[in-house]
Amino acid sequence: MEVLNWIWFTPKKLEKLLRKQGLKGNSYRTLYGDMKDFSRMIKEAISKPMNLSDDGDDDVAPRMVPFFLETIKKYGKKSFIWLGPRPQLLIMDPELIKEVLSKTYLYQKPRGNPLVRLLIHGLASLEEDKWAKHRKIINPAFHLEKLKHMLPAFYLSCSEMLSKWEDIVPLEGSLEIDVWPHLQQMTSDVISRTAFGSSYEEGRKIFELQKEQIQHLTESMQSVYIPGWRFLPTKRNRRMKEIKKDVRSSIRVIIDKRLKAMEAGNADNEDLLGIFLESNFKEIEQNRNKDFGMSIEEVIEECKLFYFAGEESTSALLLWTLVLSRYQNWQARAREEVLQVFESQKPDFDGLNRLNVASILVLLVQIYVP
C-alpha cells in the first residue's frame, strides 16, 4: 500500500490540489512523470551548436532549460512539472516569489534526491535553528573588510590565466581557445588560495573528485529516484560513496594541519577557513558548550560547500559574461572604462567599485542566464 501511495495516490492527490489553486501542467504519468520528456529535450538542445550572432538572443534559455520554457509557453507563468512522482512548481510572479523567499518557516527546502548529500550537505540545505547557527559562525568569513584582503589572490590567479593565454596565442593572427577549463582552474585556484590558504595543486584532487561527483549526480537525477536505490551496490553508487570518503579525508587533512598550526600559534588566519575556525572556537568559548559550535564533520561539510559553490558558480558567471563579448560596442565600453580607471596600475577595491559598465554586464548575466 505504501508503494502505491508513493507511485500513484499521493501524486494524483497533489495534482488535484494544484489544479484547484489555479496551476496548470501535464497530467501525472505513472512513476516517470515528465522525466522522459525532460531528459530528451535537454539532450536535443545540447546536441546543437549555439547561435552566438547578434540576433541569437533567445538561444541561451532554450539550451539551458528547454522543458521549463515549453511548459511555461503551454501552461503559463504559474505551472508545474513532474520530476518522477514529485511535482515542481514554476513561479514567475514577483510577489509570489517574494512570499516564498520571505516566509522560510512555511516554505521549507525540499528534501529532494538523497544522493545530493554525497556531494554537499551544509548551510544551503539546513533549516531554522541549525541554519541560523551555521550562518552566524560562517558569516565573519564574508565580511567586506576580510574580502578586501583577498584581492591580491584574485589578481594573481587571473594574471596566471591570462599569461597562459598569451603564451599560446601567436603574435600575428588569431587562435580559438576553449576558455571553460581555464576559467574552472582559475576559480579553483582562487578558492584554494582565499578559502584554504593553499595552492591549486594541493586542492586539485578535491576539485577533480567533486566534478566527477557532479557528473554522477546529474546522470542519476535525469532518471526517477527510487527510495532505497542508493543503498544497492551498483557501480555508480559505490563510486559516489568512494568519492565522498576521499573528499572528506582530503579536507580533513587540510583542517587538521590548520588546527595544529593554530595551537602552535603559527597560523595565518586571514583566509576563509582560518576565520571560520576562529569564529567556531569563539562561539563555543562564549557559551562554554561545544553544542553551540560546529562539529568537525559539520566543518568538513561547509568546506565542501565552499569548494563546490564557489568554483562552479563563479566559473559559470565568468563564462557567460564572456559570451556577452559578442556585443562589440559593450566590449569596447568595458575595455575603455577599465583603462580609464586603472591605467597601468593593479586593480584595487575602490577602483573595482567604479567599474559601472563591467558591473552591468555581470548583473545582466545574473538576471537573464538561467
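What share of the 370 residues of the protein chain count as buried? The figure is 33%, where buried means under 20% relative accessible area, exposed over 50%, and partly exposed in between, with a 1.4 Å probe and protein chains only.

Before I continue, a word on the source. This is a predicted model, in which local features need pLDDT of at least 70 and side-chain atom pairs count only at pLDDT 80 or more, while totals for chains, interfaces and linings use all residues. Residues are numbered from 1 along each chain as its sequence is written, and side-chain values use heavy atoms, with hydrogens and water left out.

Let me begin with the overall picture. The protein chain has 17 helices and three strands; these are DSSP runs numbered from the N terminus, helices being H or I with at least four residues and strands E with at least two. Taken along the principal axes, the C-alpha atoms fill a box of roughly 65 × 60 × 45 Å.

I turn now to the domains. The chain is divided into domain 1 (1-107) and domain 2 (132-169 + 176-325), with bounds that come from an automatic or database domain assignment. Their C-alpha centres lie 30 Å apart. Eleven residues from domain 1 and nine residues from domain 2 take part in the contact, contact meaning heavy atoms within 4.5 Å.

How much area do domain 1 and domain 2 bury between them? The value is about 740 Å², with 82% of it on carbon and sulfur atoms; buried area is the accessible area (1.4 Å probe) that two parts lose on being put together, summed over both. On the side of domain 1, W6, M35 and S39 supply 45% of the area buried against domain 2, more than any other three residues. Across this interface the rule finds zero salt bridges, a salt bridge being a side-chain nitrogen of Lys or Arg within 4 Å of a carboxyl oxygen of Asp or Glu.

Next, please look at helix α7, residues 128-138. Its buried residues are H134, I137 and I138. They cover an arc of only 95° around the axis, which puts them on the same side of α7; the arc is that of the directions from the helix axis to the C-beta atoms. These buried residues pack against α13 (272-287) and α14 (296-323). The face turned away from the buried side carries the exposed residues E128, D129 and K136.

Finally, S250 lies in helix α12, residues 235-263. S250 is buried, with a relative accessible area of 15%. Leaving aside its neighbours within four places in sequence, S250 is in contact with K205 and I206.
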